[in-house]
Structures are given as structure tokens and as C-alpha cells.
Amino acid sequence: MRVVPGEWTASVVRFVGRHREPVVVQTLRSAAAATIAYVVALRVSPESAPLTAPLTALLVVQVTLYATIKTGIRRVNSVVAGVVIAIGFSVLVGLTWWSLGLIILASLAVGHLVRVSEFVPEVAISAMLVLGVTRVGDTAWARVLETVVGAVVGLTFNLLLAPPVWVEAAGESIEDLARRVRQLMLRMGEEAAGRTPVDHATARLHEARRLDHDIVEVDAALQQAEDSLRLNPRVREGLLHRVVLRTGLDTLEICTVVLRVLARSLTDLAKERDPEPLFAPETGAALERLLSEIADAVVSFAVLVTTDVSVSAESAETRLATELRAATATRDKLAQLLLAEIQQDAAQWQLHGAVLTEVNRILDELDTEHRSRRLLEELDRCTREERERMPRLTRLRKYLKRVRVPGRNREAVSRRSM
């Protein structure tokens with residue numbers, strides 16, 4: 001198959017155009033750092049092929065600066081611990097089948113003691129590689145040197161070429177989750193307005209349960225964004241960004257849980273009333289309209305928490321407040337209709353009450369005043385924990401921020417959260 005030059009160029013342009021995506025950034029940064037580390041190690045290491053240096057750089061260079069520093073320190077500690085263990089064993093017993101078992105056991109135990117986290121196996125790997133060579137002393141220290149070179153190159157690479165801040169990617173994930181919630185709410189509302197077969201209601205319940213997997217993926221993207229905000233000189237209000245996004249995701253997670261309970265109630269109601277409609281025509285239409293209004297409010301809420309303090313954020317806030325007022329009015333009408341149905345036939349009054357309770361809970365979670373209060377409480381809690389954990393760093397930050405206007409954080413919080 002022949003590649004047309006124009007198509008190849010277009011593919012390269014599209015690849016470069018996606019330079020802000022985590023996978024592309026990680027690939028390019030890791031390859032460049034590993035190559036530079038190998039070139040440096042060739043000049044300082046006595047080994048002819050110092051592959052430990054590029055391997056270390058490959059593992060040390062992460063998407064965020066915070067993860068790079070944390071990973072680099074842990075990896076250097078793991079390699080040094082493994083080399084020291086190998087030197088001790090080589091002096092005492094040498095390499096046999098039983099000494100290999102002992103060195104693996106000792107290395108894994110030491111790895112947990114020195115708290116190298118995910119690099120515990122690296123302690124045993126380093127020990128085995130060093131123990132298996134003839135010139136233990138030279139190879140051991142060469143491996144330590146190569147590891148240090150790789151870690152330093154990886155860290156320097158991220159310091160000189162600051163990694164991107166992944167707030168935008170996390171925001172897109174949160175908005176995508178909100179749109180999936182909206183689509184499910186719209187389908188549930190359409191089916192609730194008519195005769196809903198039990199298998200259709202059950203299918204909506206399974207869709208609501210699958211949202212848990214989406215929450216896990218969004219949480220991973222948000223964790224990456226939080227790491228990218230730490231120790232990043234380009235970010236002024238890193239804590240504020242982290243708290244706004246985290247509390248926003250927490251609210252959406254609560255909404256998905258309540259939505260799953262609502263789907264369960266509608267499924268049980270479909271089983272009880274099959275083959276009749278779930279509600280009277282007017283009540284079903286009111287529930288469909290209410291779920292549609294709440295679905296739009298969920299998306300507006302996600303846009304609000306992922307938008308910077310600007311005209312866009314203000315418009316998102318206004319839109320959310322308008323949609324919540326409309327949903328509240330529809331909720332009141334639905335409550336009256338459900339009460340009238342219960343007075344005529346109280347057979348399913350528990351399920352009717354559960355439906356009303358669950359939509360009330362979602363509206364309460366999306367309420368602007370509720371979110372502002374929760375956001376300020378979370379910000380105060382995180383600030384207090386950080387101050388207690390690192391008192392010296394806190395005092396240094398206060399000293400550096402004296403020239404800045406007091407109360408800026410709280411004003412920004414008020415504008416971001418409503």
C-alpha cells in the first residue's frame with residue numbers, strides 16, 4: 001500500500017495538533033528524555049551500554065511536574081536500596097539458588113520499609129541484576145550513577161519544559177459525564193410519560209449503573225489535573241482550581257447515584273403497573289418536563305464549574321439559576337399531580353413518593369447556595385490541612401503573598417461558585 005505524501009503530511013499535522021492530549025504529550029516527552037539521558041550516561045558511566053539511565057528517565061518523566069519529582073525520588077531510593085543489598089549478599093554468600101530467593105525476599109521487605117510505593121519490585125530487580133554480574137563493585141556503582149543521571153535528566157526536562165496543566169482536559173471529562181447523564185434523564189422522562197415496558201425500564205437502570213465506570217474515568221482525569229496544579233509556577237490559584245473541580249465532580253457523582261435510585265424506583269413501578277402506564281398522562285408529561293429541565297441544569301452546572309471567572313462563567317451561572325427555577329416550579333406541579341393520584345389510588349404511594357424525593361435531592365445538590373457553602377467549607381478544610389501538614393511552607397507562602405490583595409481567594413471563590 002503506497003502512502004500519498006499529502007495524506008502523510010495531514011496525518012502528521014493532526015498528530016501534532018493533538019499535542020495537548022495526555023497520551024501524545026507523554027509519548028514525546030518520555031522519548032526525548034530517555035534519549036538525552038542515554039547520551040549523558042555514555043559520557044559519565046563506565047558501562048558500554050548504560051541502559052539504566054534511559055530506563056530511569058522513561059519511568060521518571062510523567063505528565064505532571066509533581067508526579068515527576070515524586071517518582072524520581074522513589075525510583076532513586078529503590079535502586080540504591082537494591083544495589084546496597086546486592087553488595088552485601090555478594091560479599092557474604094554470592095549467587096546461588098537459595099541466595100537468590102533470600103535476596104528477593106530481603107529486597108521486597110526493604111522496599112516496603114523505605115516506602116518506595118510502586119517501585120518495591122524495582123528494589124529486587126536492581127539487586128538481582130547487580131548480583132548476577134562478575135564485577136559487582138564497578139557494576140553496582142555504575143548502576144547507581146546511571147539511575148541518578150536518568151532521574152536528574154527527567155526532572156530537569158520537566159523543569160525546563162514545564163508540563164501542561166490538565167485542567168481543561170479534566171473539565172472536558174466532567175462536561176462529557178454531565179451530557180451522558182442528561183441523555184439518560186431525557187430517555188427516562190420520555191419513557192415515563194407513556195407505557196413503559198419492564199425491559200425498557202430495566203435497561204435504563206443498567207445504563208445508570210454504568211455511569212459508575214464513567215465516574216472512575218473522570219476521577220482519573222481529575223487526579224491528573226490536580227497533580228498538574230501542584231508545584232506548577234504557572235498556576236496562581238492551584239488549590240482553588242482543585243477544590244472547584246473536585247467538589248463539582250462530587251456533586252455530579254451524587255446526582256448519578258440518585259439517578260440510579262430513581263431508575264430503580266421507575267423499574268419497580270413498571271413492574272407493579274405493567275401493562276398500564278406508569279403515571280396518568282398529565283403526571284407523566286410533568287415528570288418528563290421536569291427530568292428534561294433537570295438534565296439541562298446538570299449540563300449548565302458542569303459548564304459552570306469548569307469555566308474560568310469570566311463572562312462565560314457569569315452566563316453559565318445565570319442559565320443554571322433560570323433552569324433551576326423552572327425545574328422547581330415543575331417539581332411543585334408534579335407534587336400536586338402525584339398527590340391527586342395517591343388520593344385516588346394509594347397502591348403505589350411509596351414509589352410515587354420515592355420519585356419525588358429523588359428529584360428533590362438532585363435539585364438540592366445543584367442549588368447554587370448549597371454549592372457555594374460546600375465549596376467554601378472544602379476550601380477552608382484543605383487550607384487548614386495543608387497548613388497543619390507543612391507549617392513552614394505555609395508561612396513562606398504568606399510572606400510571598402503579602403503584596404497581594406487580601407481576600408482575593410474568597411472573592412474568586414464567590415465568582416466561580418456563584
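**Notes on an all-helix predicted model**

1. Start with helix H13, residues 349-366. This helix has 18 residues and reaches 26 Å from its first C-alpha to its last. That is close to the 26 Å expected at 1.5 Å a residue. Keep in mind throughout that this is a predicted model.

2. Now look at which H13 residues are covered. Leu351, His352, Val355, Leu356 and Glu358 are among the buried ones. Further along H13, the buried residues include Val359, Ile362, Leu363, Glu365 and Leu366. An α-helix has 3.6 residues a turn, so residues three or four places apart point the same way.

3. Step back to the whole chain. It has 16 helices and zero strands. Of its 418 residues, 45% are buried. The chain exposes about 22,000 Å², and carbon and sulfur atoms supply 59% of that area.

4. Contacts across the sequence deserve a remark.

5. Helix H11 covers residues 281-305. Does its length agree with its residue count, or disagree? It agrees, because 25 residues at 1.5 Å a residue should span 36 Å, and the end C-alpha atoms of H11 are 36 Å apart. H11 is also mostly covered, with 18 of its 25 residues buried.

6. Threonine 283 sits in H11. Is threonine 283 buried or exposed? Its relative accessibility is 3%, and buried means under 20%, so threonine 283 counts as buried. What does it touch, once neighbours within four places in sequence are left aside? Threonine 283 is in contact with Leu334, Leu337, Leu338 and Glu341.

7. Serine 315 and leucine 304 are 11 residues apart along the chain. Their C-alpha atoms are separated by 8.6 Å.

8. Leucine 245 is found in helix H10. At 3% relative accessibility, it falls under the 20% limit and therefore counts as buried. Leaving aside neighbours within four places in sequence, leucine 245 is in contact with Val167, Ile174, Leu222, Val305 and Thr306. Consider valine 305 from that list. It is 60 residues from leucine 245 along the chain, yet the two C-alpha atoms are separated by 6.3 Å.

9. Leucine 375 has its place in helix H14, residues 368-389. Its relative accessibility is 1%, so leucine 375 counts as buried under the 20% limit. Leucine 375 and arginine 246 are 129 residues apart in sequence. In space, they are 9.5 Å apart, C-alpha to C-alpha.

10. How many cavities of 30 Å³ or more does a search of the whole structure find? It finds one. The largest cavity has a volume of about 70 Å³. Helices H8 (167-192), H9 (198-229) and H10 (238-273) each give two or more residues to its lining.

11. Which residues line that largest cavity? They are Met188, Glu191, Ala192, Thr196, Ala201, Arg204, Ala263, Leu266, Thr267 and Leu278. By type, the lining divides into six nonpolar, two polar and two charged residues.

Technical notes
Residues are numbered from 1 along each chain as its sequence is written. This is a predicted model: local features need pLDDT of at least 70, side-chain atom pairs count only at pLDDT 80 or more; totals for chains, interfaces and linings use all residues. Side-chain values use heavy atoms; hydrogens and water are left out. On a 1 Å grid over the protein atoms alone, a cavity is a set of points where a 1.4 Å probe fits but cannot get out, and a pocket is an open set with protein on both sides within 12 Å along at least five of seven lines; lining residues have an atom within 4 Å of a point. Grid points are joined across faces, edges and corners, and a volume is the space filled by probe spheres set on the points. Helices (H or I, at least four residues) and strands (E, at least two) are DSSP runs, numbered from the N terminus. Ala, Val, Leu, Ile, Met, Phe, Trp, Tyr, Cys and Pro count as nonpolar, Asp, Glu, Lys and Arg as charged, and the others, Gly among them, as polar. Buried means under 20% relative accessible area, exposed over 50%, partly exposed in between (1.4 Å probe, protein chains only). Contact means heavy atoms within 4.5 Å. Accessible areas come from the Shrake-Rupley method with a 1.4 Å probe; for residues, only the protein chains shown count as cover. The expected span of a helix is 1.5 Å times one less than its number of residues.
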